[in-house]
Amino acid sequence: MAVYLKTEDEINLMRQAGDLVGRTLAEVARHIRPGVTTKQLDTIAETYLRDHGAIPSFKHYPNSKGAPFPASICTSINDTIVHGIPSQSAVLHEGDIISVDCGAEFNGFHGDSCYTFAVGQVSDDIRRLMLTTRQALDEGILAATAGAYLGDIGHAIQQHCEAQGYGVVRELTGHGVGRQLHEEPLVPNYGAPGRGLMLKEGMCIAIEPMITLGQRYIELLPDYWTIRTRDRQAAAHYEHTLVIREGRADILTTFQYIEQAPKADSPTGVTA
């Protein structure tokens, strides 16, 4: 396993990429409402990224079959966990949730982040799922310190979510980030404390809990991209890119702009 520690100069470049991802997600957030198509959201995101000198990290990224992803963001609605392909036929409706995953390559380095949005008013059950998943991301980040282990991150996320009855997806993980969108190591959302790779200062990873309202089991659709829950219950997904430090991780992406956006709806039910 080749894990590359980043220099401070490289970390600063990654912070710039992460900041742009946060701003792009905020731009998308302003347009999330019933009647909007996910294709429209993708066009907004790609235009914003390119206008600010970035390359969409996801566009043309190959899957296991070598097929390129056809869009700039992933738009995963309701029971779609990840890798939802934007489409003119995918229309948002009142009460939906949509996870928007965005990556940007800027000055040779990548930022990667995801946020789950409510479309109008959602049920209390869905609201709690969103809040718990967001909290799980925070718990995972708190565990991600130099001298800790990958298993500590996964354990923190798993314990927080399973204690409240939610499913923790096993087959999909976080990952290293840097000059490549996906680098070593893999960062599972489950695990045992003190197990796995030791975390070192300068490691840059994406932590991204993918949590289900029902069972944790998944299925891959025939497009070899879209992954949804097998029981068709909803899923939520939040993600930050960060750098491992002594004492506390340094988060390189941000939700600040999202939660200030006029149309963004936070998981606590307060419209920003």
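Let me start with how helix H1 passes helix H2: in this predicted model, the crossing of H1 with H2 is right-handed. Two packed helices are described by the angle between their axes and the distance between the axes. Here the axes of H1, residues 8-29, and H2, residues 38-51, come within 9 Å and cross at roughly 145°. On the H1 side the contact is made by Leu20, Arg23, Thr24, Glu27 and Val28, and these meet Leu41, Ile44, Ala45, Tyr48 and Leu49 of H2. Sorted by class, that contact comprises seven nonpolar residues, one polar residue and two charged residues.

Most residues other than glycine have a negative phi, and most peptide bonds are trans. Asparagine 107, although it is not a glycine, has a positive phi of about 55°, and with a relative accessible area of 48% it is partly exposed.

How many of the residues of strand S5 are buried? For S5, residues 109-118, the number is 10 of the 10, so the strand is largely enclosed by the rest of the structure. In a regular strand the side chains alternate between the two faces of the sheet. In S5 both faces are covered, with Phe109, Gly111, Ser113, Tyr115 and Phe117 buried on one side, and His110, Asp112, Cys114, Thr116 and Ala118 buried on the other.

Asparagine 78 also deserves a remark, as a residue that is not a glycine and yet has a positive phi of about 55°. Its place is the loop between strand S2, 73-77, and strand S3, 80-82, and at 25% relative accessibility asparagine 78 counts as partly exposed. In the loop between S3 and S4 we find glycine 84, which is buried, with a relative accessible area of 4%. Leaving aside neighbours within four places in sequence, glycine 84 is in contact with Phe69, Ile73, Cys74, Thr75, Ser76 and Thr226. For a sense of separation, the C-alpha atoms of glycine 84 and alanine 163 are 28 Å apart, with 79 residues separating the two along the chain.

Next comes the open sheet of five strands, whose order is S8-S7-S9-S14-S15 and whose pairing is antiparallel. Strand S8, 183-187, and strand S15, 250-251, stand at the edges, and because each has a single partner strand, one side of each is left without a neighbour in the sheet. The antiparallel strands S7, residues 174-176, and S8 are joined by three bridges, and glycine 176 has glutamate 183 in S8 as its bridge partner. Strand S8 is also where proline 185 is found, and the peptide bond leading from glutamate 184 to proline 185 is cis, with omega near 5°.

Finally, helix H3, which spans residues 124-143 and includes threonine 133. Is threonine 133 buried or exposed? Threonine 133 is buried, with a relative accessible area of 0%, and a polar atom of its side chain lies 2.8 Å from the backbone oxygen of leucine 129. Apart from neighbours within four places in sequence, threonine 133 is in contact with Pro209, Ile211, Ala236, His237 and Tyr238.

Threonine 132, also placed in H3, is buried, with a relative accessible area of 3%. Not counting residues up to four places away in sequence, threonine 132 touches His160, Cys161, Gln164 and Tyr166.

Aspartate 138 and glutamate 239 are 101 residues apart in sequence, while their C-alpha atoms are 9.7 Å apart in space.

Terms used: Residues numbered from 1 in each chain as written. Predicted model: local features only at pLDDT ≥ 70, side-chain atom pairs only at ≥ 80, totals over all residues. Heavy atoms only, no water. Axes fitted to C-alpha atoms, helices over the stretch in contact; angles between N-to-C directions. Helix = DSSP H or I, 4+ residues; strand = E, 2+ residues; numbered from the N terminus. Left-handed = near helix turned anticlockwise from the far one by under 90°. Contact = heavy atoms within 4.5 Å. Nonpolar A, V, L, I, M, F, W, Y, C, P; charged D, E, K, R; others polar. Pairing = 2+ DSSP bridges. Buried < 20%, exposed > 50% of the residue type's maximum accessible area, 1.4 Å probe, protein only. Polar contact = N/O pair within 3.5 Å; in protein donor to acceptor, adjacent residues only side chain to side chain.
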